[in-house]
Number of protein chains: 2
Amino acid sequence: MIYTKTGEYAIRAILFLARQSKDSLIMSSEIAKSEDIPAHYLAKILQRMAKYGYVDSFKGRGGGFKITELAKKSSILEIVERVEGPVINLKCVTGLKECSEENPCPLHDEWADLRNRIYNLISSKSVQEVAEKYSETLRKHK
Amino acid sequence: MIYTKTGEYAIRAILFLARQSKDSLIMSSEIAKSEDIPAHYLAKILQRMAKYGYVDSFKGRGGGFKITELAKKSSILEIVERVEGPVINLKCVTGLKECSEENPCPLHDEWADLRNRIYNLISSKSVQEVAEKYSETLRKHK
DNA sequence: TTTATTTAGGATATTTTTCTCCAATTCTAA
DNA sequence: TTAGAATTGGAGAAAAATATCCTAAATAAA
């Protein structure tokens, strides 16, 4: 896909946290169970997100994670790129070695357009907006 | 990206063969060198493409590969999927576990649209068409 | 017929990604 | 202050993707 499993887990986790009622702490293991993500692996990802300030972490009994304001205002793309590195590969779809504006591959322009749209799709909305829209959908389809 | 390195190598190789003058045989090692692909790895990929009938292979001195009519008429997507399995992941961009028409994730519709466009981009043109357009570009920019 | 050349195919190595385990640390509650 | 619960961080196992190596088979030319 566009990002790896690691990135996908990060998104699922942050959107999960974004949907929780304010100030509630959620354990890593709980997220793992709800979202069906390998528990220890997710713990690592959350650790990294904590380092980057996307979640606050609390140790000990009653501890867990909660989303930060920074994460709420960030785009999905920003978070994923922090967690797993550059996401959208700039290579052309045909995979040709030399493909540039001056020397475009046959599908260059069309692909450049799509790439931009994908980029916009995952970078123009904030995590909070996406999460809200999602909660809404969940309510409607209950 | 949308496909893996293996798929990318397959595309580069088939488009390379498609640009050759008719009936000329090209050695695996030659393609590898021109396209900067690991030689032995490419050999495997060509082997598979031969099995699927996308290239004809000839052993011994003066041997090599050439593209078949089947491959010329096929789309890039078809060939890649044969070589490396399903390409376009149907999961939603947000990576949410349950995302369907009835229960769409926040970006479902927009993503479905983009997915279709990507799908069209690499499946609506034949290898031959893409190769011709590319040869043209190469001529212009010489 | 022999030799050199090229693909075929199997085995294996390397690298990257994904996943697991364990001990250390921090914090809460009893 | 102690026990238990939770994250942290390091180490490394497992799986998947990528890359290499070697021998066999086929073919063409000497």
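The legends below describe close-up views of a predicted model.

**Figure 1. Helices and strands of chain A.** Chain A of the predicted model contains seven helices and two strands. Read from the N terminus, the order of these elements is α-α-α-β-β-α-α-α-α. Of the 142 residues in chain A, 36% are buried. Among contacts in chain A with a separation of 6 or more, 62% join residues 24 or more positions apart.

Figure 2. B:Gly63 lies in the loop that links β1 (55-58) to β2 (64-67) in chain B. Is B:Gly63 buried or exposed? B:Gly63 is classed as exposed because 12 other C-beta atoms lie within 10 Å, and a residue with 12 or fewer such atoms counts as exposed. When residues up to four places away in sequence are left out, B:Gly63 touches B:Leu25 and B:Phe58. The C-alpha atom of B:Gly63 is also 7.5 Å from that of B:Ile26, although 37 residues separate the two along the chain.

**Figure 3. The protein surface near DNA strand C.**

Figure 4. The surface near DNA strand C comprises 12 polar residues, six nonpolar residues and six charged residues.

Technical notes:
Residues are numbered from 1 along each chain as its sequence is written. Chains are lettered from A and ligands numbered from 1 in the order in which they are written. This is a predicted model: local features need pLDDT of at least 70, side-chain atom pairs count only at pLDDT 80 or more; totals for chains, interfaces and linings use all residues. Helices (H or I, at least four residues) and strands (E, at least two) are DSSP runs, numbered from the N terminus. A residue is buried if 20 or more other C-beta atoms lie within 10 Å of its own, exposed if 12 or fewer, and partly exposed in between; C-beta atoms are placed from the backbone. Two residues are in contact if their C-beta atoms, placed from the backbone, lie within 7 Å. Ala, Val, Leu, Ile, Met, Phe, Trp, Tyr, Cys and Pro count as nonpolar, Asp, Glu, Lys and Arg as charged, and the others, Gly among them, as polar.
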